[in-house]
Amino acid sequence: MLWKKDDLLKNKTYRIEDTLGQGRFSVTYLAHVVLNNKRVAIKTLNPDAPMLQNLTPDEREGYAEKFWNEALILERCKHPHIVKVIEVFDERIQGLSFATRYPCIVMDYIDGIDLGRRGEPQLPSRIALRYVQQIGSALMAVHSHNLLHRDLKPGNIMICTREGKNVAILIDFGLARAFDHPLTQQITVDGYAPFELYSKNEPKGTWTDVYGLVATLYVLLTGVSPESALDRHDKDTDVHLTPPIQRNPKISKHINQAIIKALALMPGDRTQTVAEFLQDLGVSRPWYVPFPQWEVDRWIQVVIAIGTLGGLVGAVVAVISLLR
């Protein structure tokens, strides 16, 4: 384990309390801010991960840099249904001959349970759709920054209470898969991974996260994960997607059809965006409308143009008033 209880990070800013969980590439710690005792979660690279140990030093540094850069982008994704990133910093562990870099993402600690540990295998449609709408709006925010989650599944969606209501929070982004190396591209949860995540040549895009979101809705409504995309693609097997309505007759026909369309095997046949999928479901559009990701000088030009237009309108109104 990289750190143990009471270890201090970032010049004694954070004190480690416990380990929250470990993945193939990362480990997440429970910590608190020394100054005010606020609890936080800190995610960093997992030194015990066999796949990371098999990378060369240069490959590992490249992966750490990619992890860092995408974490900075994630920090800008402000949304009520995305776990809040407080800051990103580097911690270095000195070895015999060199220091190893560990990028750290400090996030709000969410006191709740993930949907993978929900009490009911099948959720009522209205509850499942509400969670999917909330997470869908969060994904739209992520996609507006040209970032993908890549690891949508019930275990990466936390349910907590806000103002007396249960809400869904998106956590634990699959930043590892952004790094172009065979070891970091391997899939662990078949039912939620679209075919393109098994293939280096297939393009990834918003449709990739659509698949994970819809597979999550599938399991929330049926209690069973959809058939593996890899098995469905294998011509030597006779595996096909089971329509969710066959596993839960209470599902409406239009929701059943929206799910089948969005779980199409090949990316080009699939629902392309989260907004399109939410519309197909018939749920209200999420409140989030992404702003264009322009450079500062572009925004300045827009503001000047708006100001000029406003001045022209004012001048026209004044002339009309004089002519009356």
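Predicted model: local features only at pLDDT ≥ 70, side-chain atom pairs only at ≥ 80, totals over all residues.
Visitor: Why is E227 called buried?

Guide: Buried means under 20% relative accessible area, and E227 has 15% relative accessibility, so E227 counts as buried. You'll find E227 in the loop between α4 (206–222) and α5 (229–233).

Visitor: What makes the E227 and T242 pair a polar contact?

Guide: The cut-off for such a pair of N or O atoms is within 3.5 Å, and the side chains of E227 and T242 are joined at 2.6 Å, so the pair counts. The side chain of R247 also makes a polar contact with the side chain of E227, at 3.3 Å.

Visitor: Which residues does E227 touch, leaving out those up to four places away in sequence?

Guide: Among them are Y211, Y218, R232, V239, H240 and L241.

Visitor: What about the largest nonpolar core: which residues touch the most other members?

Guide: L217, F277 and L281 do, out of 83 residues. Helix α3 (residues 125–143) gives the largest share of this core, eleven residues. Beyond its neighbours within four places, L217 contacts A128, L129, V132, I259, F277 and L281.

Visitor: How do you know which parts of the model to treat with care?

Guide: Check the pLDDT: the chain averages 84, and 81% of the residues score at least 70.

Methods. Residues numbered from 1 in each chain as written. Heavy atoms only, no water. Helix = DSSP H or I, 4+ residues; strand = E, 2+ residues; numbered from the N terminus. Buried < 20%, exposed > 50% of the residue type's maximum accessible area, 1.4 Å probe, protein only. Polar contact = N/O pair within 3.5 Å; in protein donor to acceptor, adjacent residues only side chain to side chain. Contact = heavy atoms within 4.5 Å. pLDDT = per-residue confidence, 0-100. Core = buried A, V, L, I, M, F, W, Y, C linked by side-chain atoms within 4.5 Å.
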